[in-house]
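Good morning, and thank you for making time on the agenda.

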Amino acid sequence: MYSLFKKEIKTFFGSLIGYLVIVVFLLVTGLFLWVFPGSYNIPENGYATLEGLFTLAPWLYLFLIPAITMRFFADEKRSGTIETLLTRPISDFKIVLAKFMAGLIIVIFSLLPTLLYFLSVYLLGNPVGSVDVGATWGSFIGLFFLATIYISIGIFASSLTENQIVSFILALALSFLFYIGFEFVATSGVPYFLEQLLSWFSINSHYQSVSRGVIDLRDLLYFMGMTFLFLYATSLFIRKGKWKLHKTKINAAIVVFSLTVIFIVSANFLLRFDLTSDKRFSISQISAKIVSGLENSVEIELYLAGELEPGLRNIQAEILEKVAVLNAYSAKPIRIRIFDPYSISNPEKQDKFINTLVEKGVSRTSFRRKTEMGVITKYIFPGAVIRYGRKEMAVNFLKNNPAFSYEMNFNHSVETIEFELVNAFQKLMRTKKSTVVFLQGHGEANQFEISDFANELSADFKVEMLTADELKDNQADILIVANPREVFDEKSKFIIDQFIMKGGKVVWLIDPVRVSLDSLSSGYQTFSFPRDLNLGDQLFRYGVRLNYDLLQDVNCIRIKVNTAAAGNQPKFTLHPWYYSPLLTPNDNHPISRNLNWVMSEFVSSIDTLAGNPNIDKQVILSTSPNARIVKSPSSVSLQNINNPPARQLFTRSYIPVGVILEGEFTSVFKNRMVENYGFPSSVVVNKSKPTKMVVIADGSIITNKVNYSTNPPGIYKLGFDRVSQRTFGNKEFLINTIFYLNDNAGIMQLRGRSLKLRLLNKVKLREEKVFWQVINVLLPLLLIVVFGLIYNIVRRYRYTR
């Protein structure tokens, strides 16, 4: 075997054609990765990854490996040396295995210069070394296994003919069939069983995961099993008539049967090694538990299709990978299909389909793309419709936070894909809606002021508006106290307290300071006064204190002010209004991670109190790093626009505005007489079940603007600023809050996932682009040429001696 192995190596490296094959492979690879524009181009994509190489390599392998293996047996048959070879005291399979090992070494040799690409990306990272080393080496392992099956197919094709050209074409055709052909047929609408079978035969379906750095036992067994099968088949065909023998047929049947059993058994064992540094392709136990409870099959129709920019391709690849992993844990099949709405040729049908998608809730986003015709704007649909039984719902994957760069938004979108999918499954599996109650009777926000938020909630919750007396007889899950303006009596406080003690969740949105907007709108000045709602002792017992102050923040909305002199035409100019801070969500909590700023108005500070070790407190909403506190009572004047506070006064950073409390609360009515409220002392629960509550020192963040001059009143979007025409993150923040409070399965924890953003140094690339192109295109070729010269000089010297 070793002599035969050396013979093949020497023959390849002793011929000009061998070097020519490798040079062409490296030249084409280098040009596609570093020069030619397109989806494979590393500098153009801007990410510190070799994904382009691992996506392009399987297609180049279709030509490289058949060119390497085409002569292995075809040339032996043509020259007549096959008979001599078969007379050697070595089994036919060992002959095949020796040639296979030679082919594998040659392919590995051709890959070695591509390590220069890895070094370049490593040095070009921002910062240097930001490339995911574990994922990269895992992907190279994937290329190794891909090479093994291509080589075995090439050797098999070479054993069927004595013509090298025929061998090359046959190997190319078989490799293409196994790489993408079976998968193409599987996605053409065949029955599910046939779809699964054809997909399993497809090399691409097994290579996708391993090319991203995920080593799955089922994929490894596929590559090793299919490689062995083709090598075994080759050993049957290199000797004339051998495959016709009865014993050979029995042995072949045993081999095929054994491999089939191994493949079937391995399908039930899920053993995966995620080599990525942040385990980006692994799913949580929560997700596995949710999908294991699916009672019906799930169909996902993904509309993120067509020619996509790198960030969107990453989102698409992440969705496909997550669905594949979830399907492995699922009790029922989870199928995904990519459909491009623009593939509908009829314009009327296309428009109708797109309008239907929008009505279902799939958002469309415009993005600009450079083409040969210039820059074009195109709508994309980064969402899907998920069907479960007779139910369906839309899911949008792209996060578009104007406070972040588009690379960060793409990264945040990838981070939340698992959450979006599993959350959708949970909603579709739900048989009963939880109840959310808006408290009434204390001057709370009216039905018009909470209309936008309540309508959004109604899709997933039963929404009611009740007084405290009605609450005590209601099986509510979550209570929202939205911007009350009147004092709470002790009876109402007791009912709310016992609601909490029994495990109810509460969202407190309280204005501790009263500011008369009517006075401010009719003049230039008003005053802020403490607002005593008689809730201080209750919130204090739970672990928080609302402060009688107002916050000013440099990061705030702008308002229009008429700056024209009296008697002149109005002239409106924009000025910062420090009393309307744009609050910063905490990026380390599932509720507030990756959210846009939250618009507020006359917000106060909040303190958390120690004393109860059973309560976990965490700030989820705060000011920017440049804020200040104004004690109440104080004047609030539009004159601040002309004479703003000195910037040096804004020295307070991240002043807490909203907190979440989780744990076991102590009743504020513990050891108190409650008979006066109409309740016997025996019914008082002194310590709560484990529960949660959110306290926010601003009642305005839940209220939308209302135009009462129309009938019915006009409702603006929650968080919409009419001056800047921007919609801030109020609604998403509050929706996440409600879902978090109602989440008993822990699904919201999936929103807390964090992935490192790995980018290239754009400045360095722009200044040194030609240098890196020359290094990565020409240096690998130079290395091969130098090796070839040295090898042949040494070889000639040895033979002349």
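This is a predicted model: local features need pLDDT of at least 70, side-chain atom pairs count only at pLDDT 80 or more; totals for chains, interfaces and linings use all residues.

Residues are numbered from 1 along each chain as its sequence is written, and side-chain values use heavy atoms, with hydrogens and water left out.

Let me begin with the strands. Helices (H or I, at least four residues) and strands (E, at least two) are DSSP runs, numbered from the N terminus; two strands pair if DSSP finds at least two bridges between them. An open sheet of three strands has the order β14-β15-β24, and its pairing is antiparallel. At the edges are β14 (513-515) and β24 (634-637), each of which pairs on one side only. Strand β15 (residues 525-530) is joined to β24 by four bridges, and T526 stands opposite V636 in β24.

A hairpin is found elsewhere in the chain. Strand β8 (residues 383-388) pairs with β9 in the antiparallel sense over six bridges, with R387 opposite E392 in β9. Two residues lie between β8 and β9, and G389 in the turn has a positive phi of about 65 degrees.

On a 1 Å grid over the protein atoms alone, a pocket is an open set of points with protein on both sides within 12 Å along at least five of seven lines, a cavity is a set where a 1.4 Å probe fits but cannot get out, and lining residues have an atom within 4 Å of a point. A volume is the space filled by probe spheres set on the points. The second largest pocket has a volume of about 1,800 Å³. Of its 44 lining residues, S363, N396, E456, K731 and E732 are the closest to its centre. At least two lining residues come from each of β9 (391-396), α19 (417-429), α20 (451-457) and α25 (730-742).

How many cavities of 30 Å³ or more does a search of the whole structure find? The search finds two. The largest has a volume of about 50 Å³, and among its lining residues are Y303, L308, D340, K378 and F381. The second largest cavity holds about 30 Å³ of space. Strand β19 (residues 572-585) gives the largest share of the lining of that second cavity, four residues.

I turn lastly to the aromatic rings. Rings of Phe, Tyr and Trp (its six-membered ring) pair if their centres lie within 6.5 Å; planes under 30 degrees apart count as stacked, over 60 as edge-to-face and the rest as tilted. The structure holds 50 aromatic pairs. F156 and F237 form an edge-to-face pair, because their ring centres are 5.9 Å apart and their planes stand at 85 degrees. F156 lies in helix α9 (residues 133-158) and F237 in helix α13 (residues 217-237), so the pair ties together parts that are 81 residues apart in sequence. By contrast, the rings of F787 and Y791 are stacked, because their centres are 6.0 Å apart and their planes at 20 degrees. F787 and Y791 both lie in helix α26 (residues 762-800), four residues apart, about one turn of the helix.
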